[in-house]
Amino acid sequence: MEKLEVKPGIYWVGVIDWDIRNFHGYLTQRGTTYNAYLIIDEKITLIDTVKECHFNEMLGRIKEIIDPSKIDIIVSNHVEMDHTGSIPKILEHCPDAKIVTSIQGEKGLKRHFKNLDWNLHVAKSGETMSIGKRTLTFVHIPMVHWPDSMVTYIPEDKLLLSNDAFGQHIAGPERFDDELGWDVLKEEAAKYYANIVMPYGPQAAKALEALGGLEIDMIAPCHGIIWRSMISNILAEYDKWVHYKTEKRALIIYDTMWNSTKAMAYKLQEGLREAGLPATVKFLGTNHMSDIVPDLMRSRLILLGSPTLNNGMLPSMGGFLTYIKGLRPKNRVGFAFGSYGWGGQAVGEMEEIMTKLKWDMPEESINLNYIPDPEELDKVKEVGKKLGEYILAQDE
Ligand code: FEO
C-alpha cells in the first residue's frame, strides 16, 4: 500500500470499494471510496473511518504511518456506518482515544453501537479543539446528510473535511479532482447531490452559508475525490442545487404497455422541440431511477407518462414517484399523460403527486383510450409545443 499525503502531515487512509454497484438503492456504476484521514500532530487524530468490512485495509494504511495505538482522537463527523463502522475495531488498538461527535451524533452512535463505553466528547457547532500546531473547528451541518452531520475545518491547512458534502461515488486510482477532470466529476457530484442531499436543500443552503466565510483551498469529502483545483466549480454547482435552480429544459419520464404512452411521449418531445425547448426522454424500463434524478434536478419541465394497469399507474411509475416524493424537487412545471382501456386512473394518480409537490401544472393532462388516432397525437404534440413555449417565456 502506498502512503498518500494530502497536505503535509495529513494522510488519506481510506479504502476504494471497486465492487459496490448498489448503495441502498443508488446505482454506483463507478464504485465508491470511503475516505478517512489521519492527522499527525501532537494529538494524533483520525477523521472518520470506513465500512466495517474494509477495516483491515484502513488499518494497513494507518500502520504505514504510525502505530495505531498512538491515535488520541477520532472525529466522527457522521454516524452512518460507511463512516463509523470501523470505530469499534480501531478502538481495540487505541481504547483511550477520545471520540468527537455532534450532539445528534452522540444519540446516533449510542443507537448504533449498543452499550458503548467510549470516551465521547460532544462538540457544539463552532467549537474548536487544539491538537498541537493545528486547530480543529467543528461545524454542524444537520441533514447533510443526517441530523448528526458535521464537518471539521482546519484553518492552518485551509482544509475542510466535509464528510458526505461534496462527495461523489467514484472508485479509481485518482485521489484529486485535477487527476480526473471536471466532466466526470460534475456528473457524479450531481448524481450524488440529487439522490442524497436534494430533500434537504434549505439545510444544505444554510451549511454553505456557514462555510462561506472560511478560507478553503482543499475540500476532502468522505466519498470520491478530493477537491483542490475545482473548488470554485463545485461550490458554484452546489449554490445552484441548494436553491433548486433549474434550466429551461424538459424531461419526459414514461413507461408503456402497448406503446400508446410511448407514442405520446415522443409526440410531446416533437412539440417541445418545435417550441425550441431541449427535451430528454427516459423510459422507466431501461433507466434506473437514481440515474434519472440528476436530469430531474436540472430540468424545469417534467412530463410523466403511464398507462393505467389494475386501476392505477404502472408499478414502475409508482415506485419512481414514491422516490421523487421523498426527494421533494421544488419549483417545477409538471404534466401528466397516459393511455387506458377502461378506468384510466393513472393520470390522476400522477397529478396528485405533482400537486403534493406543489408543481405548477398549466396544461390539462391527456388520457387517451387504447390506441391514439393520428389526430389525437397531433393534439399531444400541440400541448408539448404549448408547454415548451410556457417554459421559454419564463424568467431564467
Ligand atoms: Fe456516506 Fe451518509 O454516509
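Predicted model: local features only at pLDDT ≥ 70, side-chain atom pairs only at ≥ 80, totals over all residues.

Trainee: How do you know where the largest pocket lies relative to the two domains?

Mentor: Domain 1 (4-242) gives residues to the lining of the largest pocket, and so does domain 2 (250-391); therefore the pocket lies between them. Its space is about 450 Å³.

Trainee: Which residues lie nearest the centre of the largest pocket?

Mentor: Lys 186, Glu 187, Ala 190, Pro 294 and Arg 298 do, out of 19 lining residues. Helices α6 (182-197), α8 (231-242) and α10 (289-298) each supply at least two residues of that lining. The most come from α6, which gives six.

Trainee: How is the lining of the largest pocket divided by class?

Mentor: There are 13 charged residues, four nonpolar and two polar. Asp, Glu, Lys and Arg count as charged, so Lys 186, Glu 187 and Arg 298 belong to that class. Ala and Pro count as nonpolar, so Ala 190 and Pro 294 go there.

Trainee: What makes up the lining of the second largest pocket?

Mentor: That pocket has 18 lining residues, with Met 257, Thr 308, Tyr 340, Gly 341 and Tyr 370 nearest its centre. The elements that give two or more residues are α9 (260-275), β20 (308-309) and β22 (333-340). By class, the lining has ten polar residues, eight nonpolar and no charged. The space in this pocket is about 300 Å³.

Trainee: Why is the pair of Phe 166 and Tyr 238 called tilted?

Mentor: A pair of rings is described by how far apart the centres are and by the angle of the planes. The centres of Phe 166 and Tyr 238 are 4.5 Å apart, and rings pair if their centres lie within 6.5 Å. The planes stand at 45 degrees; under 30 degrees would be stacked and over 60 edge-to-face, so this pair is tilted.

Trainee: What makes this pair a tie between separate parts of the sequence?

Mentor: Phe 166 is in the loop between β15 (159-163) and α5 (177-180), whereas Tyr 238 is in helix α8, so the pair ties together parts that are 72 residues apart in sequence. Both residues, Phe 166 and Tyr 238, are buried. Ring pairs also join them with Tyr 193 and Trp 241 in a cluster.

Trainee: How many aromatic pairs does the structure hold?

Mentor: It holds nine. One of them is Phe 113 with Trp 118, a tilted pair with 5.2 Å from centre to centre and 40 degrees between the planes. Phe 113 and Trp 118 are both buried.

Trainee: How do you know that the charged end of Arg 228 sits over the ring of Phe 176?

Mentor: The distance to the ring centre is 3.8 Å, and the cut-off is 6 Å, together with a position within 35 degrees of the ring normal. Lys 51 likewise has its charged end over the ring of Phe 23, at 5.3 Å from the centre.

Trainee: Why is Asn 259 called partly exposed?

Mentor: Its relative accessibility is 46%, so Asn 259 falls in that range as well. Asn 259 has a positive phi near 75 degrees, and its place is in the loop between β17 (247-254) and α9.

Conventions: Residues numbered from 1 in each chain as written. Heavy atoms only, no water. 1 Å grid on protein atoms, 1.4 Å probe; cavity = no way out; pocket = protein on both sides within 12 Å on 5 of 7 lines; lining within 4 Å. Points joined across faces, edges and corners; volume = space filled by probe spheres on them. Helix = DSSP H or I, 4+ residues; strand = E, 2+ residues; numbered from the N terminus. Domains from an automatic or database assignment. Phe/Tyr/Trp six-rings, centres within 6.5 Å; stacked < 30°, edge-to-face > 60°. Buried < 20%, exposed > 50% of the residue type's maximum accessible area, 1.4 Å probe, protein only.
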